[in-house]
Amino acid sequence: MVAQRLDGKLCAASVEEELHSRINACKSEGVVPHLAVVIVGDDPASHVYVNSKVKACQRLGIKSTHIELPASVAEDEVRATILKLNADETLHGILVQSPLPSHMDEEGLTDLIHPSKDVDGFHPENLGRLVQGRLDGMLPCTPSGVMRMLRWADIDLTGKSAVVLGRSRIVGMPQALLLGAKGADATVTVVHSRTADSKAVCAQADIVVAAIGRPEMVRGDWIKPGAIVVDVGINRVDDPTRERGWRLAGDVHPEVGEHASWLSPVPGGVGPMTIAMLMENTVRAAERSNQL
Ligand code: NDP
């Protein structure tokens, strides 16, 4: 079997297409959707992510404000920046790029973002709504991007058994909640670093979503023939055959493509969907600010 490609780039383009008319409607009401991105320090990968987010804003006509602070900045200054952005009525979304320098309380700082502007969907109020099965709040971008991509490919999850590898606040846990939510209706198992036999658990699943940050750990014999596999992982691995000396690898080994019915590529799978969902959350926040 050769897996069909769950093409996040194509799906993200269709999401962006839908957003154009919503953005135009906002603008005709005098509201320009506006996202602020705060980045602290000089982590090169974070700068790459922020640049792609700013570029997506430019493509769509969403205003973006890019605030760069040095790694040496006092935590109080980051706090003050977030509070100022909360108070700015022309601004609809605030994103603080992770990771923050290790001396900072990342969760404490991102909790300061007003829930209505929390376009990353990490605020306890937004995550709490998700736990309650209320899907109308700001949903975390990566897991909601996975759900959108599955719907786009017309994959019915009802009654299927899903395994989520990883239980982070950002990806794994909200992913499990979304797969098991009413309307999606999968039966979900969460695998983490203390799971006794991750391979055996995965091998039972109709759907596997891998978000562990372990390059190519999920091998072909972990996957039931015909299962649907979504690879969230983005890992930089050494590759002397490449001019730059490294390549991007997912959490799923390419040989899984010989067993699965669908597989999302890395890059070009979940990554573009994460950005598309960020744009959608920003537009939703702008619409709600004006109750369009
Ligand atoms: P975290 O490091 O926060 O969480 C990793 C999770 O994987 C933890 O729950 C951990 O378990 C679990 N885990 C680690 N090792 C194993 C193992 N050997 N077996 C089973 N479970 C294991 O990572 P994130 O959730 O933030 O990210 C996961 C991956 O997704 C990374 O590669 C990241 O780069 C990528 N990512 C991609 C995005 C995209 O847009 N495509 C966006 C965000 C992340 P435990 O809880 O027990 O420690």
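**Overall size.** I looked up the radius of gyration of the protein chain, in what is a predicted model, and found 19 Å, which agrees with the value near 19 Å that a compact globule of 292 residues would have. I then took the extent of the C-alpha trace along its principal axes, and noted that it spans about 50 × 40 × 35 Å.

**Make-up and surface.** I counted 9 helices and 11 strands in the protein chain, and I noted that buried residues account for 51% of the 292 residues. For the accessible surface I recorded about 13,700 Å², with 51% of it belonging to carbon and sulfur atoms. Among contacts between residues at least 6 apart in sequence, I found that 72% join residues at least 24 apart. I also checked the charges, and the mean positions of the 30 positive and 37 negative ones lie 2 Å apart.

**Helix H6.** I turned next to H6, which covers residues 141-152 and reaches 16 Å from its first C-alpha to its last, close to the 16 Å expected for its 12 residues at 1.5 Å a residue. I found 10 of these 12 residues buried, so H6 is largely enclosed by the rest of the structure. The buried set includes Cys141, Pro143 and Gly145 as well as Arg148, where I took buried to mean under 20% relative accessible area. Looking for what covers them, I found that the buried residues of H6 pack against helices H1 (8-28), H7 (172-180) and H9 (270-289), and also against strands S7 (207-210) and S8 (228-231). Last, I looked at what comes after H6, and noted that Asp154 follows with a positive phi near 65°.

Technical notes: Residues are numbered from 1 along each chain as its sequence is written. This is a predicted model: local features need pLDDT of at least 70, side-chain atom pairs count only at pLDDT 80 or more; totals for chains, interfaces and linings use all residues. Side-chain values use heavy atoms; hydrogens and water are left out. Helices (H or I, at least four residues) and strands (E, at least two) are DSSP runs, numbered from the N terminus. The radius of gyration is taken over C-alpha atoms; the globule rule is 2.2 Å times the number of residues to the power 0.38. Buried means under 20% relative accessible area, exposed over 50%, partly exposed in between (1.4 Å probe, protein chains only). Contact means heavy atoms within 4.5 Å. Accessible areas come from the Shrake-Rupley method with a 1.4 Å probe; for residues, only the protein chains shown count as cover. Lys and Arg count as positive and Asp and Glu as negative; His and the chain ends are not counted. The place of a charge is taken as NZ of Lys, CZ of Arg, CG of Asp or CD of Glu. The expected span of a helix is 1.5 Å times one less than its number of residues.
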